[in-house]
Amino acid sequence: MKVAVAGCCHGALDKMYETLELLQRRHNVRPDLLLCCGDFQAVRNEADLRCMAVPAKYRHMQTFYRYYSGEKKAPVLTVFIGGNHEASNHLQELPYGGWVAPNIYYLGYAGVVRFRGVRIGGISGIFKSHDYRKGHFECPPYNQQTIRSAYHVRNIEVFKLKQLKRPIDIFMSHDWPRSIYHYGNKKQLLKMKSFFRQEVESNTLGSPAASELLQHLKPTYWFSAHLHVKFAAFMQHETNSKEELPKATKFLALDKCLPHRDFLQIIDVEHDPNAGDSLEYDAEWIAVLKATNSLVNVTQSTWNMPEKNGLHAKWDYSVTEEAIKEVVEELNHDLKIPCNFTLTAACYDPSKPQKNMEPVHTINPQTTEFCAQFGLTDINDRIQQAKEEGSGRGECEEEEEEEMDSTGSAEEPSEYNTDNSGLSSFNPDEIMLDEEGGDEDLSTCSVDPSPDHPPEFSTSFSDIRIMPDSMAVSSDDAMDSNNEELEKSGGSKEVEEKSSTERSLKRIGGDENGNSGVKKIKRRNQAIYAAEDEDK
């Protein structure tokens, strides 16, 4: 079957679907499935805009609300993961995944589904080590810390995915797996994005958690976005035994969705011709969710997942074939995901803007039904209980901000030594914002949803690339580890860039009392505001 893959959508659904329609008209190619690798921006109304971690002037309604209201319907089944520019309050309603609109499915914090026999997995958000070992404690209305930590990857999601034993065909992450750039045309990547050089050479670009999953899952395809550059790589995995067959992963990072950009890829994926056209639950994943349900945490206390170190009675939560069979029997051998989309918030009305609409913590009926069916903990219900009990953990109150200020930015002990995800070095494509534009309280600032109409564009077929059967890069492109050549090609220009980088990234410290009343540099992408996460 034909699968279309898109990078950062940024709410431009009309653009994506119009491009697919153009593909069909000109080349008679109709994808059976569309995958989106984060920054989807499922914004329903003005309250959702308040829950996006971007300055108010970059908050635009875009076009998702038309699909949410039913005014339009996605012409192709769309499956997506979350990134770091999302209406976090909306996606938080569906921690285990669910429909955000008819024919548009969100995979949840982490998830695995099947379509025509193809096994598709993904993990939402980006990696930040200071939040990695916390539970999902955030809920709207967010403060300046939780509006960002809400989309940070947690160790429990990685742990769940590492319990999988059956092969994965396609996997999605928003940020790149760390080290993947060593398996593609690194020289060309640094030519296009020279400001990646320091992180590439120090091997700190990307997510170590995603890298861990890549080595464990060894999917046939891995798709990412986040860095707004197209990049292909081919990774041959090591075998654990002589009996194990060699495995390889074809990696592709997608550019952001903009007019005249190469932001869509079409690939041919082997599928089961006898399988139906409905999106289905994955029985092994459901069994893993059931097995790990006792590990659910809704506090901001840090903790490690069970491991074989003498401290845990149980550390292996992988499931047996019998447990998988039980899930299938529970569903009466019908694994079709029910089309039970429900409106849970008012939809934006351009004729009646409501700039003062406040976000609220909502429990989605889809999640309630899913948890009841499989005996799982409803994370949002647990958070609500914690709030009502006044436990002090998982509460959405202003005093939490004070606590987070003293602990949330600290670099806590972690199995990973670094806290880099994406563009931590100077990015000349991004604009610098002073405290007025970037340090505002993102949970309370005003919104301006008026530009709900996307910018005019002339759809160009250059937006589409049809991948050949093999995505493997050539031997001249791959394994480009000749550092001497890179150093020669960089020359004095690299020294100049480094000097410029150091000057641009320099932070002005606080006064002797620790107060920081001075301006700080924030990073934003000029083209679509796409702020590569500004967390410390």
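Which residues of strand E2 (residues 33-36) are buried on one side, and which on the other?

**View 1. Strand E2 is covered on both faces.** Leu33 and Leu35 on one side are buried, as are Leu34 and Cys36 on the other; buried denotes under 20% relative accessible area, exposed over 50%, and partly exposed the range in between (1.4 Å probe, protein chains only). Helices (H or I, at least four residues) and strands (E, at least two) are DSSP runs, numbered from the N terminus. The model is predicted: local features need pLDDT of at least 70 and side-chain atom pairs count only at pLDDT 80 or more, whereas totals for chains, interfaces and linings use all residues. Residues are numbered from 1 along each chain as its sequence is written, and side-chain values use heavy atoms, with hydrogens and water left out.

**View 2. Strand E2 pairs with E1 and with E3.** Strand E1 (residues 2-6) runs parallel to E2 and is joined to it by four bridges; two strands pair if DSSP finds at least two bridges between them. Val3 has Leu33 as its bridge partner in E2. Three bridges connect E2 with strand E3 (residues 78-80), again in the parallel sense, and Cys36 is partnered by Phe80 in E3. Together with helix H1 (residues 13-27), E1 and E2 form a right-handed β-α-β unit; right-handed means that, with the strands pointing away from the viewer, the path from the first strand over the helix to the second runs clockwise.

**View 3. Arg116 and Asp277 form a salt bridge.** Their closest N and O atoms are 2.9 Å apart, a salt bridge being a side-chain nitrogen of Lys or Arg within 4 Å of a carboxyl oxygen of Asp or Glu. Arg116 lies in the loop between strands E6 (110-115) and E7 (118-123) and Asp277 in the loop between strands E12 (264-268) and E13 (279-281), so the contact ties together parts 161 residues apart in sequence. Arg116 is buried at 17% relative accessibility, whereas Asp277 is exposed at 55%.

**View 4. Glu284 and Arg119 meet in a salt bridge with a closest N and O distance of 2.5 Å.** Glu284 belongs to helix H11 (residues 283-291) and Arg119 to strand E7, 165 residues apart. Both Glu284 and Arg119 are buried.

**View 5. Glu212 and Lys162 are joined by a salt bridge (2.4 Å, N to O).** Glu212 is in helix H10 (residues 208-217), and Lys162 is in the loop between helix H7 (155-161) and strand E8 (170-173), 50 residues apart. Glu212 is partly exposed at 25% relative accessible area, and Lys162 is partly exposed at 29%.
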